[in-house]
Amino acid sequence: MKSRAQRYIVLQESMPAEEEQALRQVVVCDMPPVVPSPAFVEQLGSDLVAEARRHYDVEQRRHRVTWTVGLVGGGALSVVGGVALWFFVWRKRAIAPSPVAVSPVAAHPA
Amino acid sequence: MEQDEERGLITRAQSDPEAFGELYRRYVGRIYNYNYRHTGNPIEAEDLTSRTFYRTLRGIKSYREKGASFQAWLFRIAHNLVVNWYRDISRHPSVAIDTALPFHSPARAPNDYVEAQEERALLQQMLADLPEDRKTLLILKFVEQMSNIEIAVVMGKSEGAIKALYHRTLTSLRDMIPEGWLDEV
């Protein structure tokens with residue numbers, strides 16, 4: 001039985017660790033950290049906070065409106081549903097034939 | 001501990017503008033650096049950075065920590081904008097790329113300094129000429145020190161694809177670098 005290493009052909013060998021490290025160093029040395037100007041950071045920061053305040057206010061207001069509409073709408077719907085149910089039951093009772101009205105003659109024709 | 005603190009900050013930033021400002025100050029330098037590495041131009045980098053954070057503000061409510069860390073999520077937003085930027089400059093190729101950063105080394109002799117500058121310029125050119133995905137990978141891996149999983153989230157690829165791309169990128173970089181350079185490192 002062949003070992004796993006013998007059964008498979010190695011298509012690509014990994015790079016030696018020291019070579020990888022050297023390449024990493026070359027790239028990192030070529031990319032020293034660049035910092036944005038303090039004026040830009042300060043300006044964008046205050047713009048973002050102002051925008052965030054406006055954004056969250058709008059969201060909160062929308063949330064409140066959704067809740068209110070849901071609450072009022074739900075309440076109105078339940079009242080309408082209650083009235084409809086009462087009307088349905090009342091109508092059913094009114095239409096149903098009274099047992100006294102049934103004639104025994106009609107029930108047993110000669 | 002630090003992760004818990006950041007998690008708390010992210011949760012607060014979803015409804016508190018000041019917390020969002022704090023989150024911004026934590027990441028602005030890294031996002032700017034990432035954008036600058038791609039564009040080579042401070043004005044473009046500033047523009048992309050501000051767009052990244054405005055997009056983050058719009059989407060932070062929907063952020064849930066499921067698999068992807070916040071930094072991966074944030075860099076993904078920046079990456080998408082960078083990809084659009086590359087698409088735009090390919091349509092308008094006249095945009096100049098400001099490459100060289102001054103590299104002062106007073107301890108070196110003038111000849112060595114000039115030689116180092118030339119080597120540096122060559123290397124910068126090689127890195128600038130790399131395809132966008134390879135450059136992104138090198139920045140995220142070497143500068144941002146992200147894991148392969150995080151890079152996969154940022155670039156929208158599988159972890160296996162990132163490993164393969166990493167190997168190919170290093171191999172091509174090794175082939176491009178003149179002989180002897182790596183021995184000097």
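Reader: Why is A:L23 called buried?

Author: In this predicted model, A:L23 has 22 other C-beta atoms within 10 Å. The label buried requires 20 or more, so A:L23 is buried.

Reader: Where is A:L23 found?

Author: A:L23 is found in helix α2 of chain A. Its C-alpha atom is separated by 90 Å from that of A:R93, which is 70 residues away along the chain.

Reader: How many residues of chain A and of chain B does the contact take?

Author: Two residues count as in contact if their C-beta atoms lie within 7 Å. The contact takes 29 residues from chain A and 35 residues from chain B. On the chain A side, the elements that give two or more residues are α2 (17–30) and α3 (38–95). The most comes from α3(A), with 11 residues.

Reader: What makes up the side of chain A that touches chain B, by class?

Author: There are 19 nonpolar, four polar and six charged residues on that side of chain A.

Reader: What scores does the predictor give the complex?

Author: The complex has an ipTM of 0.77 and a pTM of 0.73.

Reader: Which domains does the assignment give for chain B?

Author: The assignment gives domain 1 (1–98) and domain 2 (105–185) of chain B. Between them, 14 residues of domain 1 are in contact with 11 residues of domain 2. On the domain 1 side, α2 (17–39) and α4 (70–91) of chain B each supply at least two residues. The largest share, six residues, comes from α4(B). By class, this side of domain 1 divides into seven nonpolar, four polar and three charged residues.

Reader: Where in chain B is confidence lowest, and where is it highest?

Author: The mean pLDDT of chain B is 84, and 83% of its residues reach 70 or more. Confidence is lowest in helix α9 (residues 181–184) of chain B, with a mean of 64, and highest in helix α3 (residues 42–59) of chain B, at 96.

Reader: How is pLDDT over residues 95–106 of chain B to be described?

Author: Over residues 95–106 of chain B, pLDDT stays under 50. The model has 16 contacts beyond four places in sequence for this stretch. Where pLDDT is low, the predicted coordinates should not be read in detail.

Definitions and conventions
Residues are numbered from 1 along each chain as its sequence is written. Chains are lettered from A and ligands numbered from 1 in the order in which they are written. This is a predicted model: local features need pLDDT of at least 70, side-chain atom pairs count only at pLDDT 80 or more; totals for chains, interfaces and linings use all residues. Domain bounds come from an automatic or database domain assignment. Helices (H or I, at least four residues) and strands (E, at least two) are DSSP runs, numbered from the N terminus. Ala, Val, Leu, Ile, Met, Phe, Trp, Tyr, Cys and Pro count as nonpolar, Asp, Glu, Lys and Arg as charged, and the others, Gly among them, as polar. A residue is buried if 20 or more other C-beta atoms lie within 10 Å of its own, exposed if 12 or fewer, and partly exposed in between; C-beta atoms are placed from the backbone. pLDDT is the predictor's confidence in each residue, from 0 to 100.
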